[in-house]
Amino acid sequence: MAIAYFDGRFIDESEALIPVSTHALHYGTAIFEGIRSYGDGSRAAIFRPREHYERFLRNAAIIRMKPEYTVDQLIELTIELLHQNKNYSSTYIRPLFYKSETAIGAHIYPGEKLAIYTREWAPRAIPPPTATATISRWRRNSRLSVPAGAKISGLYVNSALAISESMERGYDQTIMLTTSGEVAEGYGANLFAVFDRKVVTPPETADILAGITRDTLMHYFQSRDDLTISVESISPEQLLKADELFLAGTGLEVIPLVSVDGTPISSGDLGPITRDAAQWYRDLATGKIDAPDGWLVPLTAD
Ligand code: PMP
């Protein structure tokens, strides 16, 4: 039996149900996070939960929620949930705040509820399997229309259409452009391109969700004397001239992109910088190398 935290209680996930008239279901007025823990079956650690829950609360405010939870309380609830589910191997953690009003009408009413549930989720192989990509026909949500950088449920129709359409056309991954034609990101991960010894990732003004994995990897690239890291706008043509391209996010981890719309990126194979970054990220998240204070929140089976 899987346990979920739902509206103030730990209950059987199959009983964590919402009314069909719930505002969030109709209007997308929910926010969520994707957090991960890595473990060996008896000991695990949650990776950067503080940064995830800080973002969660910032996004809650953007859609006018007034949650009565602090970051520390959310971390405590998550630890308790992982213990209750005996999630001591690798786990995906999904917190959700949703607008729970059941009246009809798009305007935002007071009142939201919190749910958190977990799934066992094995890490990807290291070195990571490569993927093909296409440039999506759907442009990324524009910040002129919506808070494009926030993890708001309704905005994910954009991601859902982009990845589904790209997969239907036979590609593994999708790259989304902004409405003005710059490279933005993947459907659920940020994009990095390597040009010679410079690693580039698009800025927040490219309507991206500023990922915690993106931030983590920027620390890595900064720490390498042989590389520079730069936040810069990237054009679709530049993508094809990259030595390496990859996506990075909590759920997808590091995904090397070896072609874009059939054009190989450099050798068309996994590049050394992507391979090293994927290995470093895994070592960091699994505690094999030292992480900055507070990035890993450990839990141990009793
Ligand atoms: N962009 C989008 C659209 C996402 O959904 C995600 C996943 N949260 C990311 C980027 C990567 O963010 P993070 O590294 O914080 O998981």
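Is V20 buried or exposed? I looked this up before anything else. V20 has 67% relative accessibility, so V20 counts as exposed. My cut-offs are these: buried is under 20% relative accessible area, exposed is over 50%, and partly exposed lies in between, with a 1.4 Å probe and protein chains only.

**Ground rules**

I am reading a predicted model, in which local features need pLDDT of at least 70, side-chain atom pairs count only at pLDDT 80 or more, and totals for chains, interfaces and linings use all residues. Residues are numbered from 1 along each chain as its sequence is written, and side-chain values use heavy atoms, with hydrogens and water left out.

**Around V20**

I placed V20 in the loop between β2 (9–12) and α1 (23–27). Helices (H or I, at least four residues) and strands (E, at least two) are DSSP runs, numbered from the N terminus. I then found V20 in a nonpolar surface patch with I18 and L25. Together they have about 300 Å² of accessible area. Areas come from the Shrake-Rupley method with a 1.4 Å probe; for residues, only the protein chains shown count as cover. Patch residues have over 30% relative accessible area and no salt bridge; like charges are joined within 9 Å, and nonpolar side chains (Val, Leu, Ile, Met, Phe, Trp, Tyr) within 5 Å.

**The whole chain**

I noted seven helices and 17 strands. The radius of gyration is 19 Å, close to the 19 Å of the globule rule for 302 residues, so the chain is as compact as a globular protein of that length. That radius is taken over C-alpha atoms, and the rule is 2.2 Å times the number of residues to the power 0.38. The C-alpha atoms fill a box of roughly 50 × 50 × 30 Å along the principal axes. Of the 302 residues, 52% are buried. The accessible surface is about 13600 Å², and carbon and sulfur atoms hold 52% of that surface. I also checked contacts, meaning heavy atoms within 4.5 Å. Among those between residues at least 6 apart in sequence, 71% join residues at least 24 apart.

**Strand β7**

Which strands does β7 pair with? I found β1 (residues 3–6) antiparallel to β7 (residues 112–120), over two bridges. There Y5 stands opposite I116. Strand β6 (residues 91–99) also runs antiparallel to β7, joined by nine bridges. Pairing needs at least two DSSP bridges between the strands.

K99 has E112 in β7 as its bridge partner. Their side chains also meet in a salt bridge, at 2.8 Å from N to O. K99 lies in β6 and E112 in β7, 13 residues apart. Both K99 and E112 are buried. A salt bridge here is a side-chain nitrogen of Lys or Arg within 4 Å of a carboxyl oxygen of Asp or Glu.

How many salt bridges does the whole structure hold? My search found 18.

K113 pairs with D7, with the closest N and O atoms 3.6 Å apart. K113 is in β7 and D7 in the loop between β1 and β2, so the pair ties together parts 106 residues apart in sequence. K113 is partly exposed at 29% relative accessibility. D7 is partly exposed too, at 40%.

R50 and D72 come to 2.5 Å between their closest N and O atoms. R50 sits in helix α2 (residues 49–62) and D72 in helix α3 (residues 71–84), 22 residues apart. R50 is partly exposed at 33%, and D72 is partly exposed at 45%.
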